[in-house]
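These are my notebook entries on a single chain. I set down what I looked up, entry by entry.

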Amino acid sequence: MKHAFLFFTLWLAPIALHAEIPVIGFTGAYSPEHKIDDYRAMRDAGFDISIDGYEDVNEMLRSLDLAAKTDLKLIIASRLMWNNPNEVIPHICHHPALFGYMLGDEPRMADFDTYKHRYHAIRAADSSHLCYQNLFPYYGDELLETIGAASYEEYLRKFSEIPLPQISFDFYPIWDYDIRPTWYYTLEALRRESLRTGVPFWAFVLSTPHVGYPQPTLEMLRLQIYSNLAYGAQAIQYFTFRTPPPDDTYDYHNGPITLEGKKTETYNIVRDMNRELHEVIPFFDGCTVERVGHLLEVPLGTERFKGMPRGLRRLKVVGTRGAVVSVLRQGEKRYLAVVNKDFETDLRVNIAFSSPRRPLWPKAFAKAPAASSQSLTLSGANLLIFELD
């Protein structure tokens, strides 16, 4: 995540997270003016959950009431709640719009004991709602010094001692119109930790430009979201919905809505992305990533996609950065997902199966006649999905 979000909280007993992959917005619908139009705008843009910080119980309740009227859920974050969970939580824990509580943001290794204490205190006050925590990404060894870990894997394993129902991390990979070299390394590490613990991971997409992070395009959002899903992410989180106030370090601007609640050009891009996302979620919801790899460029800490899964005879791509390729299992079904890793140029995908079939996504491809061998052009950062035998 980033540094504009100031107030957070904690988790509870094992519970079902969501019927589908939720779409979450940080710095979301809440404002001191309590405008229901902001909640409607967030829901209309395709969000399911808003995360905001609160300093007062009455503010929490007013926000929960507005969320309930607009079919949003809230994750509540509050220093007041950390310090006095038994005084705060009984006022809000029975509200139908409550989704859960947040422990904090981007803890260092030295903070983990504090977070464990928060976890147990809030769990004691409410054992029926989700608690949530977001972790640092891996931007390189300099960040390891900041978080006080010998390796990023050590950082993840240590925090997994708190039995949260998710492993969440933020990473904003597009910097100065290029891809940060450790992004896919971080996704690999989260996937491994998720497999080790059996706990799903949640991932981020950046919707508010600042410093070296550019104005997002639909293709930039696709690259982040579809790569996250190909690695198995079970929630998509946006930083942010409401534009945070700029400060001396971060010149936040042009998030989906302004501080005053006015829609920006980014709002339409995010809304369109989320409409698309909700159509592809059924392919990824509750899935297990059996294998994931890369074609053409093989980033740091990842592997080349080798060997053909059952039903696939050939897969080659022609382009600049290449593709993320994932084999997913969802119940009795298996899917092949191919993501164009370049948000600016097309990717040619040459693919052959043991029997005729047509793509399930994009929808335009799904209208073509089924064929055993196909050569398809995948637009910038787009996603291709086939069902396997």
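Predicted model: local features only at pLDDT ≥ 70, side-chain atom pairs only at ≥ 80, totals over all residues.

I call a residue buried under 20% relative accessible area, exposed over 50% and partly exposed in between, with a 1.4 Å probe and protein chains only. Residues are numbered from 1 along each chain as its sequence is written, and side-chain values use heavy atoms, with hydrogens and water left out.

**Entry 1: Phe 284**

I looked up Phe 284 and found it buried, at 0% relative accessibility. I take helices (H or I, at least four residues) and strands (E, at least two) as DSSP runs numbered from the N terminus. Phe 284 belongs to helix H10, residues 265-284. For contacts I require heavy atoms within 4.5 Å. Leaving aside residues up to four places away in sequence, Phe 284 touches Ile 21, Leu 229, Ala 230, Gln 234, Leu 328, Gln 330, Ala 337, Leu 383 and Ile 385. I also noted Tyr 335, which is 51 residues from Phe 284 in sequence and 9.0 Å from it in space, C-alpha to C-alpha.

**Entry 2: Arg 222**

Is Arg 222 buried or exposed? I find it buried, with a relative accessible area of 11%. Arg 222 sits in helix H9. Its contacts, again without residues up to four places away in sequence, are Ser 227, Met 273, Glu 276, Ser 379, Gly 380, Ala 381 and Asn 382.

**Entry 3: Salt bridges**

Side chains of opposite charge can pair when their charged atoms come close. I count a salt bridge where a side-chain nitrogen of Lys or Arg is within 4 Å of a carboxyl oxygen of Asp or Glu. By this rule I record 18 salt bridges.

Arg 40 pairs with Asp 37, with the closest N and O atoms 3.2 Å apart. Both residues lie in helix H1 (residues 36-44), 3 residues apart, or about one turn of the helix. Arg 40 is partly exposed at 41%, whereas Asp 37 is exposed at 52%.

Glu 153 forms a salt bridge with Arg 192, and the closest N and O atoms are 3.2 Å apart. This pair links distant parts of the chain, since Glu 153 is in helix H7 (residues 152-159) and Arg 192 in helix H8 (residues 183-197), 39 residues apart. Glu 153 is partly exposed at 24%, and Arg 192 is partly exposed at 39%.

Glu 297 and Arg 321 meet in a salt bridge at 3.7 Å, N to O. Glu 297 lies in the loop between strands S11 (288-296) and S12 (312-318) and Arg 321 in the loop between S12 and strand S13 (322-330), so the pair ties together parts that are 24 residues apart in sequence. I also note a network of salt bridges that links Arg 43, Asp 48 and Asp 71.

**Entry 4: Helix packing**

Angles under 35 degrees count as roughly parallel, over 145 as roughly antiparallel, 65 to 115 as roughly perpendicular and the rest as oblique.

The axes of H8 and helix H9 (residues 218-230) come within 11 Å and cross at roughly 30°. H8 and H9 are therefore roughly parallel to each other. In H8, Trp 183, Tyr 184 and Leu 187 meet Leu 223, Gln 224, Ser 227 and Asn 228 of H9.

Helices H4 (residues 85-92) and H5 (residues 112-125) pack at about 45°, with their axes 9 Å apart. H4 is thus oblique to H5. Pro 85, Asn 86 and Ile 89 of H4 meet Ala 121, Ile 122 and Ala 125 of H5.

**Entry 5: Backbone**

Most residues other than glycine have a negative phi, and most peptide bonds are trans. I found a cis peptide bond between Phe 239 and Thr 240, with omega about 0°. Thr 240 is in the loop between strand S10 (236-239) and H10. The peptide bond from Trp 361 to Pro 362 is also cis, with omega near 0°.

Asp 176 has a positive phi, near 55°, and is exposed at 56%. Asn 254 has a positive phi near 60° and is partly exposed at 23%.

Methods. Axes fitted to C-alpha atoms, helices over the stretch in contact; angles between N-to-C directions.
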